[in-house]
Structure formats: C-alpha cells, structure tokens
Amino acid sequence: MPDLLSLQSKRRVLVKLVNFEIIGKPAYSTLKVYLSPGESVTAEAGAMIAMEGDIAIETRTAGGLLRGLLRKITVGESVFANTFRAGQRGGVVWLAPSVPGDIEYIELKGNGLIVQDYSYLAHHGNVDYELKWAGLRGLLADDKSGLIWMRIKGVGGVWVNGYGSIERKDLKPGETITVDNNNIVAMDDTIRFSVTKFGGWKSFLLGGEGLVVRIEGPGTVYLQTRTLPPFAEILNRFLPK
C-alpha cells in the first residue's frame, strides 16, 4: 500500500481513516479505496471493477444509505448495496460509476447533502438518508428525466459522480445561481431554491430549457457539465425503430 505522502501528492487523501485515489479524471474517473484492517466502504451494486487483498463482501437489500431505495417508487424494484470490509491484511477496492465522467468526494460532519440518485457512487462512515426528500417536491414536479433525490446526512463521506466533469460552486449568503435541474449533482441542505421559468415566455416555450432552478446560498452546489437526456435523444436517432 502506498505511503501517505505519496497519496497526498497524487490526490490521494486520508479522510476519516480511509485512503482513496481518483484516477482518470475527469472523463473516465475510477475510485480506488485503500482499506486498512476493519475498514469498510459501501457502494451501489455493479460499481465494483476489482478487488485486491483481504476483502469480504456483504450484499444487502436496502440497508444503510440505500434503505428502501426504489421499493416505493417507479417500478418497485429492490436495490442492492455491497459493503466491502477489509480483513487483517487490508485491501483495495476499485469502483466506477455507470456513466463516463467525474467523481467527487464530499465529507460529511453531521451536515446534510442533497444528491441525485444516479449521482451516488459510494460512502463510508455513519451516514443515512431520506429518499425523495420532501423539500424537493417543487423540483420533482418538473423532473424531465425521472430523477429521484436523496438527503444524505451523518458523519463520514460520500463519493458522487457526474456525467462529464463536476464543477463546485460555493455560494455566500444571498448569492444566487440559476441552473437546469438535470445539471445538479449534489448540494448542501443549507441551500435555498425555487423553480422558475427560463427567461421570458418566448425563451420558456422555445429555448429548450423549460423550467430552471434558482439556487441561493449559503452552501455549495456541485454541477455536472453534461446531461443524459440530450445524449439519449441523439442515440435514439440511430437505434432501430
């Protein structure tokens, strides 16, 4: 296992006793988590690329962070989460998101974070969540891509992924930014927001944006530089009818 100074010089960071490295940024990012004996990381099902060393796997349905995920919504399918726990010799877990793009680590110190469901990759520590957080009801009303939202809270950290690169915007109290809801990866739950139309009525009807989200600080918002719906529409033109 590499030494700590080497890790820090190459974006490997020691946070809450978990060493990790993000490689291939920003287009095809991969997360490598270096686990010491007894440490663990939980990831969405299907995210694992490889394992090294002494690693035990526990697969659970809707446990911890993913409790009840998707059982009460849409198609009613259960979601499985895999917990990777290191034995006496420690080990490494390689994880990757389902879409090409960036990975960002967000530390939790008892604070809350709002995350798009498909932007969640993995977490560690003592964290929990609320699915389809009620505060986003207005945003969900104009959800163009069937996204589900989570409010994650606790002590530890979460790795989120974006389609394209992830840009971090820190907002001071009263400072605002207007974004398309499909570009939101995550944001602090201290953020205030409102849903509004894009420009005037002509822009609203013909500009291709529809409704947008006006976000007000204080807090941090994480934005992805690409969105899946336009890409899916392009691919659809080439699929057999």
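Glu 21 is buried at 7% relative accessibility (buried means under 20% relative accessible area, exposed over 50%, partly exposed in between, with a 1.4 Å probe and protein chains only). Lys 32 is buried too, at 13%. This is a predicted model, where local features need pLDDT of at least 70, side-chain atom pairs count only at pLDDT 80 or more, and totals for chains, interfaces and linings use all residues. Residues are numbered from 1 along each chain as its sequence is written, and side-chain values use heavy atoms, with hydrogens and water left out.

Glu 21 and Lys 32 form a salt bridge, their closest N and O atoms 4.0 Å apart (a side-chain nitrogen of Lys or Arg within 4 Å of a carboxyl oxygen of Asp or Glu). Glu 21 sits in strand S2 (residues 18-23) and Lys 32 in strand S3 (residues 30-35), so the bridge ties together parts 11 residues apart in sequence. Strands (E, at least two residues) are DSSP runs, numbered from the N terminus.

## A link between loops

Asp 102 and Lys 25 also meet in a salt bridge, at 2.6 Å from N to O. This pair joins distant parts of the chain, 77 residues apart. Asp 102 lies in the loop between S6 (80-95) and S7 (103-116), and Lys 25 in the loop between S2 and S3. Asp 102 is buried at 5%. Lys 25 is partly exposed at 31%.

## A partly exposed pair

Glu 216 bridges to Arg 214, with 3.9 Å between the closest N and O atoms. Glu 216 is partly exposed at 21%. Arg 214 is partly exposed at 37%.

## Total

The salt-bridge count is six.

How values were computed. Helix = DSSP H or I, 4+ residues; strand = E, 2+ residues; numbered from the N terminus.
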